[in-house]
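Here is a short note for a colleague who is new to this structure. Please read the points with the model open beside you.

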Amino acid sequence: MLTGWWDDYLWGAVVVAKVFAASLSLMILFGLIGAAAKLSDNPVAQKIANGYTVVFRGTPEILVILLLYFGSAIALTAVARLFDPDVRFVDVPPFWAGTIAIALIVGSYATETFRGAFLGVKPGSIEAARALGMSPLQTFIYIRIPEMWRIALPPFGNHMLSLVKDTALISIIGLNETLFVAKQAITVTGKPFTMYIVVGIIYLGFSTLITLSVMGIEKYGNRTTVGAR
Amino acid sequence: MRFKSIQLMAIGAVAMCSAFNASAETLRVGMECTYAPFNYRTADGELAGYDVDVAKGVAKIIGADFEYVCQEWDGMIPALLANKFDLIIASMSITEKRMEKIDFSGPYRFSTGQIVGAKKTKVNLFDDAGNPIPGNFKGLKVGLERATTYASWFEDKLPGADVLLYDSSESLYLDLQNGRVDLIMTNPMKAHLKFLSKGDGAGFEFKGPVVDEEKYFGIGVGIGMRKGQEALKQRLNAALKQLINSGDLESYARKIFPFKLHKDVWGQ
């Protein structure tokens, strides 16, 4: 039925997995930096973080991807020419443009999740830590972090699902992921439904894996009463 | 000192990303890769089609290495201008509108449009002189591809028409079959080969004549490039003429269609 297109879909799925892995790490990084900035006492950092969440939560994903892909190449080329007029162009590979774009978008949601989770750590736990004579660093490592990640996990699972689905958007900048494979296969075979359904199955596979892992981690988190209420 | 560190960072950025300079004779070619039979990727991962044959023929004559980049139609000209590639060989018609932004070589294929609709849609859309009759388009939904010559033609000729815009020609055929649109306007060579001659297209037919008004469809399909590259343009034109005069261009067309897709006068 998919005569000859299996391997293309497989490579497309590998691309999806790679983009997901890279953007997940970046998303966590952006989210943590954003949350730290929002919770800091520094008004400038707070403003920057607020601007970040407003812009990236409030604009369409596809727009961010296009702007980053086309805009970054033009901007970087202009900068490079300042130093070496012979430079014809500087390119940002579509993989990194796409990965950074979706990590920035989902990272803006994660910022709020991490901030909320950090504020959700029970004051009683912190007071208890202080009463036991723990230093602020010890409180952070042994009390705040373990409580925080348990609070953040369910919404964080949703962010991971958004992230994996957003990878389908990056075919627009020419990355050879599964949706792009489907489009190529359709123009040759003329079987749109078969080819699109395969894409659906691949994404369902990815999201099932994510959901199962989140469930597993939740179970691990619930083995003790940390954060229980 | 501060300037120096910025400079070092910039050099680092240039080195990290792939930087090319003018001396390399590698040209990157943008195409859709989803526009059979003109440019598409086969199940083996090979690029094929008329545009691809033309590109390979030109590359051989001008002695350059062509690298191919797959790019969606909507972003084709922006990507060329953003230096994502150097040439567009993607069945792009040479039109005045596009020439405001980019340059074109001479033509290597006709550019025409024709309306396709269900056989049971019994309306005369064109008068005997071949002009569309706006009144007869009333109540009919028309599907067009975004940012194409067909869309510009329709906008000007039939401003009141009920138009839906699509991202690819494949979606056009899908919605024509679904009945979401009653008519589509597209490339007749492609429509014949990929739709009307197949099972899915059995209930459909061409409506009205082939439209090739030069104002909208241009003199044909050419190779697009950024402006201000006169030397490159001359080399491409010479190569295309050589392909026409040697009969190679005709052989590319005859791999797919029982006729050639160019005029011999283009070779002079």
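1. Helices (H or I, at least four residues) and strands (E, at least two) are DSSP runs, numbered from the N terminus.

2. A word on the source. This is a predicted model, in which local features need pLDDT of at least 70 and side-chain atom pairs count only at pLDDT 80 or more, while totals for chains, interfaces and linings use all residues. Residues are numbered from 1 along each chain as its sequence is written, and chains are lettered from A and ligands numbered from 1 in the order in which they are written.

3. Back to H4(A), residues 94-119. This helix has 26 residues and spans 37 Å from its first C-alpha to its last, close to the 38 Å expected at 1.5 Å a residue. The expected span is 1.5 Å times one less than the number of residues. Of its 26 residues, 20 are buried, so H4(A) is largely enclosed by the rest of the structure. Buried means that 20 or more other C-beta atoms lie within 10 Å of the residue's own; exposed means 12 or fewer, and partly exposed is in between, with C-beta atoms placed from the backbone.

4. How many residues of chain A are in contact with chain B? There are 28, and they meet 36 residues of chain B. Contact means that C-beta atoms, placed from the backbone, lie within 7 Å. On the chain A side, H3 (61-83), E1 (87-90) and H7 (178-189) each give two or more residues. H3(A) gives the most, with eight. By class, this side has 16 nonpolar, seven polar and five charged residues. Ala, Val, Leu, Ile, Met, Phe, Trp, Tyr, Cys and Pro count as nonpolar, Asp, Glu, Lys and Arg as charged, and the others, Gly among them, as polar.

5. Now chain B. It has ten helices and 14 strands. Its C-alpha atoms fill a box of roughly 75 × 50 × 35 Å along the principal axes. Of its 268 residues, 38% are buried.

6. One open sheet of chain B has five strands, in the order E6-E2-E7-E14-E8, with mixed pairing. Two strands pair if DSSP finds at least two bridges between them. The edge strands are E6 (65-70) and E8 (103-109) of chain B, each pairing on one side only. Neighbouring strands are turned by 30 degrees against each other on average, direction ignored. Axes are lines fitted to C-alpha atoms, for helices over the stretch in contact, and angles run from 0 to 180 degrees between N-to-C directions.

7. Two helices of chain B deserve a look here. H2 (residues 50-62) packs on the sheet and touches E2, E6, E7 and E8 of chain B. Its direction makes about 140 degrees with that of E7(B). H9 (residues 230-245) lies across E8 and E14 of chain B, at about 5 degrees to E8(B).

8. Finally, E12(B), residues 183-186. Both faces are covered: B:Leu183 and B:Met185 on one side, B:Ile184 and B:Thr186 on the other, are all buried. E9(B) pairs with E12(B) in the antiparallel sense over four bridges, and B:Gly117 stands opposite B:Leu183. E10(B) pairs with E12(B) in the parallel sense over two bridges, where B:Val142 has B:Leu183 as its bridge partner.
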